Amino acid sequence: MNKETLKGKWDQLKGGVQKQWGKLTDDDLDVIKGDSKILAGKIQERYGITKEEAEKQVKDYKW
C-alpha cells in the first residue's frame, strides 16, 4: 500500500495495526496517523527491536 493510501485509510486500518502490534497505545496510533516511518519507529521503541527489523515488519504487514 502506498504512503498516500495508507494515510487516507488510517482510521480503518489502525484496529488491525493495534491487533498486530498490541503494545502500541491509542496515543501512539494518533501520532502515527498512517505514516509508515513513524509506525516503524513506534514498533522499534515499544518492542526493543532494531530499526531494520521494525521497517521489515511494517513492509511485510498485510494491509
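In which helix is the place of Asp 28? In this predicted model, Asp 28 lies in helix H3, and its relative accessible area of 3% means that the residue counts as buried, since the cut-off for that class is under 20%.

When neighbours within four places in sequence are left aside, the contacts of Asp 28 are with Lys 23, Lys 42 and Arg 46.

## The packing of H4 and H5

Two packed helices are described by the angle between their axes together with the distance between those axes. Helix H4, which spans residues 36-47, and helix H5, which spans residues 51-60, have axes that come within 8 Å and cross at roughly 125°. The two helices are therefore oblique to each other, because an angle over 145 degrees would be needed for roughly antiparallel and one of 65 to 115 for roughly perpendicular. The crossing of H4 and H5 is right-handed.

On the H4 side, the contact is made by Ser 36, Leu 39, Ala 40, Ile 43 and Gln 44, which meet Lys 51, Ala 54, Glu 55, Gln 57 and Val 58 of H5.

## The aromatic cluster

Two aromatic pairs are found in the structure. In one of them, Trp 21 and Tyr 61 form a tilted pair, with 5.1 Å from centre to centre and 45° between the planes. This pair links distant parts of the chain, for Trp 21 sits in the loop between helix H2 (10-20) and helix H3 (26-32), whereas Tyr 61 belongs to the segment after H5, and the two are 40 residues apart. Both Trp 21 and Tyr 61 are buried.

Tyr 61 also pairs with Trp 63: the ring centres are 4.6 Å apart and the planes stand at 80°, so this pair is edge-to-face. Through these ring pairs, Trp 21, Tyr 61 and Trp 63 are linked into a cluster.

Notes:
Residues numbered from 1 in each chain as written. Predicted model: local features only at pLDDT ≥ 70, side-chain atom pairs only at ≥ 80, totals over all residues. Heavy atoms only, no water. Axes fitted to C-alpha atoms, helices over the stretch in contact; angles between N-to-C directions. Helix = DSSP H or I, 4+ residues; strand = E, 2+ residues; numbered from the N terminus. Parallel < 35°, antiparallel > 145°, perpendicular 65-115°, else oblique. Left-handed = near helix turned anticlockwise from the far one by under 90°. Contact = heavy atoms within 4.5 Å. Phe/Tyr/Trp six-rings, centres within 6.5 Å; stacked < 30°, edge-to-face > 60°. Buried < 20%, exposed > 50% of the residue type's maximum accessible area, 1.4 Å probe, protein only.
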